[in-house]
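Thank you all for coming. I would like to take a few minutes to walk through one structure with you, so please have a look at it before I go on.

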Amino acid sequence: MEYRTLPHGGEKLSVIGLGLGIVKPEDYPQALLEYALEQGINFFDLCIAFEDVWQAVRPTLALHRAQVFTQMHLGAAYKHGAYAFTRNLNTIQKTFLEKLALSGLDYTDFLMLHCIDEEADLKLVLDKGIYAFAQDCLRQGLARHLGFSTHNPTIAQKLLDIGGFDLFMFSINAAFDFKADGELALGDHAARAALYQQAAAQGVGISVMKPFAGGQLLDARLSPLGVALSVPQCLHYCLDRPAVLSCLTGACRKEEIDASLRYLTYPQERDYAAAMAPANLVQNLKRCVYCNHCAPCPKQLNVALINKYYDLSRLGDELARAHYRQLSHHAGECNDCGHCDKRCPFHTPQMARMHEIAAYFGF
């Protein structure tokens, strides 16, 4: 295993981490966790859906407490396996303390302000006691470091400007980042590149979510780049970004962990440059790649995030529907003004897409 050091704290995190959010009781979670530890994985995201999974991994987490590093989230709430997104302070406090007790741990290494993607949501987190509660947890020793998660580079930069964070979770992959021709940036390349540089300059680490773009990058038929990348290529792309410490991959089976471990055992498979060369043709994809070139929408729709949550939901990401619900404006509010269709460099029929997404989510 390879490890990278957290600038503020010195903890050494495995470059491959494990997210346990998709693990179900029937997936033998204790054996899965023990196998990950045997392979040198020491960084775990504990956004766990089922109490049975908590109970299964609790003894292993406690036994290896000095060797493992954990992320827990303020705002992610599960009940009977169903994901719920909350900004209710009482619910957040109660959920975190309950989950911390379920884990059998005295503290979490990283306490994350969960999924802040919009300005209004950022203001709510800062003004309604959620951020203050996170700071209280830090003072009480219930957390070692503060962090946050977001898909939005502008929000991430604003939180970095506030200061006091040692790690943040961000969606990084070649589909969201790739710069095709020196001008056209997928996923707002310039803003994202500036974010990585700012994080590195401030000594704030990044843990990566969505390294495979919800599985799209592994399938040429679905990939926004028009070509399939391998798991090692996807991981290497992320780990090449400044400030990135670890890629948190979801796995329900040992074979899925092994697929990520190929990054370590077959370094010759890491090179992604040649595979991405055909992506110069992405302008003709007629598919949303979340670049935000259509912004601003006259109806204040965040077209990129709406598309991203839709694509991830259709690929089986159970959190994406709840994240879509939390947006300030939804696809059903589209008035067919044509602004996005005219500005899209990929010729994506966004107006038709908004109607499709509204029908899918119901609003």
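Which residues have the most contacts inside the largest nonpolar core? Please keep in mind that what you see is a predicted model. In that model, the largest nonpolar core has 81 residues, and those with the most contacts inside it are Leu113 and Phe168. Helix H9, residues 231-239, gives the largest share of this core, namely six residues.

Let me take Leu113 to begin with. If we set aside its neighbours within four places in sequence, Leu113 is in contact with a list of residues that includes Leu74, Val125, Ile130, Gly147, Phe148 and Phe165.

Strand S10 covers residues 167-171, and because five of its five residues are buried, the strand is largely enclosed by the rest of the structure. In a regular strand, side chains alternate between the two faces of the sheet. Here both faces are covered, with Leu167, Met169 and Ser171 buried on one side, and Phe168 and Phe170 buried on the other.

What, then, pairs with S10? Strand S9, residues 143-150, runs parallel to S10 and is joined to it by four bridges, and within this pair Gly147 stands opposite Leu167. Between S9 and S10 the chain passes through helix H6, residues 153-162, in a β-α-β crossover that is right-handed. S10 also pairs with strand S11, residues 205-209, again in the parallel sense and over five bridges, where Phe168 stands opposite Ile206.

Note on methods:
Residues are numbered from 1 along each chain as its sequence is written. This is a predicted model: local features need pLDDT of at least 70, side-chain atom pairs count only at pLDDT 80 or more; totals for chains, interfaces and linings use all residues. Side-chain values use heavy atoms; hydrogens and water are left out. Buried means under 20% relative accessible area, exposed over 50%, partly exposed in between (1.4 Å probe, protein chains only). Helices (H or I, at least four residues) and strands (E, at least two) are DSSP runs, numbered from the N terminus. Two strands pair if DSSP finds at least two bridges between them. A crossover is right-handed if, with the strands pointing away from the viewer, the path from the first strand over the helix to the second runs clockwise. A nonpolar core is a set of buried Ala, Val, Leu, Ile, Met, Phe, Trp, Tyr and Cys residues joined through side-chain atoms within 4.5 Å. Contact means heavy atoms within 4.5 Å.
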